[in-house]
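Me: I have a model open and would like to learn how to read it. Could you take me through a few features?

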Amino acid sequence: MIASLLLLLPLLGAALIAFGPAGRRDVAGARAGSRTGPRWIAAVCTLVTAAVGVVAAMQFEGWRDGSFGLHAGVDWLADLGITLNMHVDAVSLLLILLTLLLMPLCIFASFSAITARQREYYGWLLVLQAAMTGVFLARDLVFFYICFEFTLVPMYFLIAIYGGENRARAALKFFIYTFTGSMLTLAGLLWVAWAHADRLGTWTFDIPTLTAFAQSGLSSGEQAWILLALMAGFAVKVPLFPVHTWLPLAHTEAPTAGSVILAGVLLKLGTYGLYRFVLPMVPDAVVAYAPFIAVLAIVGIVYGALICWVQDDVKKLVAYSSVSHLGFCVLGLFALNPIGVQGSVLYMINHGLSTGALFLLIGMMYERHHTRDMNRIGGLARVMPVWSLFMVFFVLSSVGLPGLNGFVSEFYCLLGAFTASVDAQTGYPGRLGPWYAAFAGTGMILAAMYLLIMTGKVVFGPTHLPGGHGHGGGHGGGHGGGHGHAGHAGHAADAHGDGAALPPDLTRREIGVLIPIALLCIVLGVRPGLLTDALARPIEQALAASAAASAAATVARPQDADTGGGASGHAEGTGDDLPRADAADATGDVVRERVRG
Amino acid sequence: MTTLFPMLAVSAEGATGLPDWPIAAPAAGFGWAGLILWLPLLSLLGCGLCWLSGTRSKLPAWITVVSLGLAFVTTAVLFTRVDAPIIIHLFDWLVLDWRSEAGEAGGFTANFSLYVDRLTLLWMLFVTGLGTLIALYASEYMAGDRGRGYARFFAGVSVFLFAMSCLVMGDNLVLLYLGWEGVGFASYWLIGYFYTRPSAVAAAKKAFIVNRIGDLGLALGLYLVWSTFGTVEYQGLFTALRNGAAGEALLHGGWSVQAIPFLLMLGAFGKSAQLPLYVWLPDAMEGPTPVSALIHAATMVTAGVYLLARLFPLLTLHPAALPAVAWIGGLTALLAATIGMAQYDIKRIMAYSTVSQLGYMFLGIGVGTTFGAAYHVFTHAFFKAVLFLTCGAVMHGFAGQLDLRRLSGLRHMPGWRITSYTMLVGCLCLAGFPLTSGFFSKDAIIAEAFSHGGTGAAMLGWLALVVAGLTAYYTFRVWFRVCAGPAHYEMGDEHHGDDAAHGAGAGHAGGHPGGHPGGHAGGHAGGHAGDAGHGGGHGGGHGSHPHAPGIAINLVLLVITACALLAAIPYFLPSGVEGVAGGWVAGMVAGSSAAAGLPASGGAHGTFLGLDPHTAMYVVSAAVGLVGIAVAWRLHLADRAAADRLRGRLLGNPALRWLPVAMERKWYVDEIYDALIRQPLWVLGHVLASIDRIVIDLLLVDCTARLPRLLARAFQPLYGGLLQSYALFMAGGVALVALLVLFMPELIAKLGTILGGGG
C-alpha cells in the first residue's frame, strides 16, 4: 500500500496546486512569508512523500536477500493481463529514494529562480515525480512504459516554458528524440509479451514472468532483435554515443531543477531499463553484443570528455560530462560481473548526487550573475567563498577523488570491465578485458582536465564579473533590480527584480539544499557498503541469466588468442552458438536465418 | 637486459629467488593507532570551523600543530610497541562478495586497515615529524594571511597529512590509492593557494592532471594485481607471492602479468616527478614555501619510492622492470641537474634538485638497494626541508625575491645569520660533503650501483657520480651567490597575503644595507619578532626593507638542521637485524617487504675500477663533490664575472650556443609536451565538438527527425501547459498503447512474413 502512496501523494499535490492559489509573483513578497503558494504546497508534498519513502525503506524486507517487496496494485485490463502492479527491489528502491531526495531539494532551489507561472511549474514537477517513481515501482510492463513515456510530458513543459533562450527547440528535440527511441523499446517489449502469449497461450505483462520467459523462451536471433529495440530507447535515454545530442541541448536550456532531475533521475531511467530489462531478458544477445556496446560507451567517455574541454558554457560542459560519465555506467553494466554492475548501480546514484549538485550550483551562480560563459565570469572564490567551497567539493566528487562517492562507482566500473575477460577472477566470464578499462580510464584523466580547467576559470583566478562589476570582495548583490531575469526567462512579461534580493554568496536556503547532498557524497564514499551490501543479491539475480549465457558462449567459442588461456577444458559444446559480436554486420544474416527457421 | 643486469627475477618455473621478508598478521588492541589518521581529520574540521567563523587569530595554526604533534607522538609510541609487522583493522570500506554462476564464492576487499611494519614506521616518523615542524614554521610564514586564507592553508596541510598517512599506512592498494590521489588533491589545494594568481592556478591544475596520468597507471596496475592474484591486500598478496604465485601467474597470465611492474612504475613516476612526468614539480613552486618544503620535497614526492619499495617483490615480475626503474631514475637525475645548473630562481633550483635527488632514489631501487633508496629518502627529507625553508625565509623577508643574481651576502646582514648557516648545512648535505647525512645515503646508492655488477649498473654508477658533481656545483652556486660575497639585495615585488589589501607599489628598492644601518633593519626585524610576523600592516613603505625571520621560523630551521645533521648517525647505529649491514635504516627496511631488495650478503659483486665500491666511494664521491664546490666557488664567489664570461663564451660559440639556452629553457620539455599532447588534444576536442554539432546533431539527427518534427507541429498547441491538454495527451497515449497491444499479433506476424520473405 505504501508503494501506491509514493505514487499518489505527488499527484495529489499536483492537483492541490492546480486548483489552489496562484502564488505571489515577486520574490520579495514571497520571501516575507506567504506559505500557502504553490511552492510551499510542492515543498510540503515532496517532503511528506520523502518521509513516506523513508518509512517504505524501513518496511522493505528485501535489503539483504534481494527479493522484491512492497507489493501493491490493482487489475486494469484483465483480459490482456495488464495490471497496475507495483513492487520494488533494492535497486529500484534506492533509485526511488534518490528521486525522493532530489525532488524537495529541486523545489527549494527553485524558490528564487521561478517567480512567474508558479502553479504550472510546481504542478509539473510533482507530476514528473510521480511518473519517475512509477517507472521504478512498476511490475507491469504497460504500467512501466506509460510512466516511462509520461516523464517526457512534464519535462517538456518545464523546458519549454521555463528554459533559456533556445528552449522551444530544446524541448521539442528532447521530446521527439526520446519518444522515437522509446517507441522502438515499446515494440521490443511488446514482442516479448506477444511471444509469451503466442507460445504459452496467456497474455501477461508481469515483468518477472516475462523476464523468466524471455531468457529461455526466445531464440538468440529474436534476442538480438529485441536487444536492438530495447537499446533504441534506453540508449537514447542514457544517453549513449552517438544518440546523445539531445542531452546537451536539453540540459543547457532547462531550468535548474529540470537539469538536476534530468541528470539525477531521467538519465537513470535509461540505465535502469538496461539493468532491469536488457540484462536479464536477452542474456544471449547481451553477451554477444557486450563488446560492441562497451565500445560505444568508451567512445562516449572519451568523446564527451574532449568536447567538455572546449566548452565555454559551464552548464553545457557539465551536460557533456554526463555523456562521458554515463559511459562508465554502461561500461560497468556490460562488464556482466558483480563488480561492474555494482559500480554501475552506484554510479546511477552517485552521478545523480554530484552532477545534480553541480547543476544546482551553476543555477545559483546564474541567478546572481546571469551568465554561464566562462570567459565572462571568473574568480568567484573571492565573491562567493561558500559557493566556491561547494563547487570545488562537488567537482572533486565528480572527478572521482577517493573518499568521496564518485570514486567508488568509477573504480568498480573500471575494475569490473578490466576483469570481465574469459578467465575472470570473478567467476563471471565476460567479453571485455584490460584494454577496455585502459581506454575508459583515460576518461579519468580527461575528467580531471575539463573539470579542473572549469574550476580554474570560474572559481579561481582574478575576479571578473559580467557587466563590469568590480573587483575585490564586497560588492553587494551586484545587480540592480532592473536586471530582472532578462536572459533567464525572457518571456515572463512581469519581469521582477529579484537579483537584488539574493546576497552575493549563498543564502541559508541554498546551503540547506546543498548540505544533504554533500553529506551523502561523503557517507557513500566512506561507507559504500551501506549500498553494496543491499545490492549484492539483486545484482547476482540480474546477472544469473547472462552469466549462464556467457559461460555457455565461452565453452562454445574457440579460444581467443588475445584473452589468453583459462577457458579450455570442458568443451562439450552446449550447441548454443551465438553470433559473434565483433562481426556485427554478419549478425543480421544470422538473425534472419533464425527468424526463418 | 638480463646479461647487463644480473637481477633478482622471478622465473617462469616459480622460484622467486627473493629473500624472505616478514608479512604482517592482524593484531587486536591497536585501534588507537588510527589516531594517526583521525588527528589530521580533526584538525581539518577545526580549520574548517575557523574558516567559517573567519577568525583572524592564529587558531588554525595551533590546532594543526597540536594535532600533527600528537600524531607524531602516536607514531612514536607505535614505533616502540610494534616489533613484528601487524595489521590494524579500522573499518570496512570497499567490500563486495558474490557467488558465481557455478556457485563459487568470490569477493573484493579493501578495508580501512593499517599495515604497520618497520618501513611504514620509518616513513611515518619523518612524515608526521616534519609535518609538525613545518606547520609550526608556517604559523609564522603565513601570518600575513591571517583570516580565511590562513585557515584554508592549514586545512590543506591537514588534508595532506591525512592522505599521506593513508598512503603509507594502508594495508591494501586501494587505500594506498586513496592516499595517492588524496595527496595529489592536497597538493592541488596548496599549490593553488594564491588562487587569484593565474600562474598558481595553472600550476595547481598541471600538478593534478599530470599526476592523474600516473594515477591511471597505478589504477590499472592495481586492477591487474587483483585479477592476477585475487587480492589487493598486502598480506594476501605477499603470501601468494612467497608461495610461488608469481611464477604460476607468469605461466598462465602472459604479458598482462608482466605489465604489473611497469604500470605501478608509471604511478610512481607521476607522483615522484620522474621522466616523463616530472614537469609538474618545478611549477608546483607556485605554492607557499612551507608547502614546497613539506609536500614537494620531503614527503609526498617520496611516495613513489615508498610504493616501489613496498611492492619490491612485484617488481621482479619482469626482468626489465628494475633496470627500467634504474635508468629512468639515473636519466632524470642527470636531466634535472643540468636544468638546475642554469636556473636563476633559487626555489626552482631546489625543485629541480628534488627531481634529481628523487632520481637517485629510483636508481637505488633499480639496482636493488631499497635500503639506499629509503635512507636517501630519509636524509633528503630533512636537508631538503632545510633548503626550502631557508629559501622561504629569504622569499618572505625580501618580498618574494628569489633571483640569485639580485641577492648576495645574506650572512653579513643582521638577523639572517641563522638562515645563512642553516642553508649552508643543507647545501653541504645535498652536495654530499664528507660526513654529512647526504654523503652516506648517496654513497650507499652509488656504491651499490657499482657493486651490483653488470655493465648497465656500472654505467649508471658513473652517471650518478657525474650528477653528484653537478649537484655540488649548483647547490653551492646558490649558497655562494645568495649567502656569501658582498651584501647586496633588491626587493621582490610580491607580498604574500591578501594582495588586494596590499598595494602593489612596493617596487624594487635596490640598494646596499650599508645605506640601511644595522639598527634600522635590525629594529625592523625586532619590531616584528614580538608578534612573529607582520600582520596586515605590511604594505607600501615596509616593502622596501627586508625583514629577518622571527622566532618560529628560526627555531624550526635550527631543529630541522639538527635533524639533517643527525640523520648521519643512524648509519652507524646497529641495524638490530642479524646479517644486515647499513645501520638503523637498513634494519627498518629489513623488517618489511622491501627487505627483498636488500643486497644479499656475498651476492654478485661488481667492483669500482677493481676496488671494493663501498670503500672506494667514500673517497671518490667526496672528491667529486669537492670539485663541484670548488668550481662553484671559483665562478660564483671568487670571481663572479667569470661565470658571465663563461656564459658569454658559450653563447658566442656557434657549436655550443644551444647548450646554455636549452638548459635555461629546461630542454624545452614543457613546450614539446604542449605541442605533442596538449595542442593535438585541444584541436581534437574542437573537431569533435564541431562533428557533434554538425555531423551527428544536424545531419544525422535533425534530418532524420524532419518527418516526426512535422508531426510534432500538431502537438505545439500543448505548449500552453494547460492541464486539460495533458489529460488529453495521456488518454491518447493510453489509447495508442491499447491499440498497439491489440493488433500486435497481426503486426508481428506480418513482420515475420516480410522478414522471412526478404531473407
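Reply: Happy to; we will go through helices, a core and a sheet. Keep in mind that this is a predicted model.

Me: Let's begin with helix α9(A). Which of its residues are buried?

Reply: A residue counts as buried when 20 or more other C-beta atoms lie within 10 Å of its own. In α9 of chain A, residues 207-217, that applies to Ile207(A), Leu210(A) and Ala214(A). Looking down the axis of α9(A), the buried residues fall within an arc of 65°, so they line one face of the helix. Pro208(A) and Ser216(A), on the other side of α9(A), are exposed.

Me: And what covers the buried residues of α9(A)?

Reply: The cover includes three helices of chain A: α6 (141-150), α8 (167-200) and α12 (256-281).

Me: How many residues of helix α7(A) are buried?

Reply: Here 11 of the 11 residues, 152-162, are buried. Among them are Leu152(A), Met155(A), Phe157(A) and Tyr162(A).

Me: Now a helix pair. At what angle do α18(A) and α19(A) pack?

Reply: Angle and axis distance go together when you read a pair. Helix α18 (405-418) and helix α19 (434-458) of chain A pack at about 145°, and their axes are 6 Å apart. From α18(A), Leu414(A), Ala417(A) and Phe418(A) make the contact; α19(A) brings Pro434(A), Tyr436(A), Ala437(A), Ala440(A) and Gly441(A). By type, the residues of this contact are seven nonpolar, one polar and no charged.

Me: Which residues touch the most other members of the largest nonpolar core?

Reply: That core has 497 residues, and the ones touching the most other members are Leu331(A), Ala417(A), Ala385(B) and Ala464(B). Ala417(A) is also part of the contact between α18(A) and α19(A). As for Ala464(B), beyond its neighbours within four places in sequence, its contacts include Gly330(B), Tyr360(B), Leu363(B) and Ile445(B).

Me: What does chain B look like overall?

Reply: Chain B contains 28 helices and five strands. Of its 759 residues, 57% count as buried. Among its contacts with a separation of 6 or more, 79% join residues 24 or more positions apart.

Me: In what order do the strands of the three-stranded sheet in chain B lie?

Reply: Strands of a sheet pair through backbone hydrogen bonds, parallel or antiparallel. In chain B the order is β1-β2-β3, in an open sheet with mixed pairing. Strands β1 (25-26) and β3 (105-116) are the edges, each pairing on one side only. Strand β2 (86-99) of chain B runs antiparallel to β3(B), joined by 11 bridges.

Terms used: Residues are numbered from 1 along each chain as its sequence is written. Chains are lettered from A and ligands numbered from 1 in the order in which they are written. This is a predicted model: local features need pLDDT of at least 70, side-chain atom pairs count only at pLDDT 80 or more; totals for chains, interfaces and linings use all residues. A residue is buried if 20 or more other C-beta atoms lie within 10 Å of its own, exposed if 12 or fewer, and partly exposed in between; C-beta atoms are placed from the backbone. Helices (H or I, at least four residues) and strands (E, at least two) are DSSP runs, numbered from the N terminus. The arc is that of the directions from the helix axis to the C-beta atoms. Two residues are in contact if their C-beta atoms, placed from the backbone, lie within 7 Å. Axes are lines fitted to C-alpha atoms, for helices over the stretch in contact, and angles run from 0 to 180 degrees between N-to-C directions. Ala, Val, Leu, Ile, Met, Phe, Trp, Tyr, Cys and Pro count as nonpolar, Asp, Glu, Lys and Arg as charged, and the others, Gly among them, as polar. A nonpolar core is a set of buried Ala, Val, Leu, Ile, Met, Phe, Trp, Tyr and Cys residues joined through C-beta atoms within 7 Å. Two strands pair if DSSP finds at least two bridges between them.
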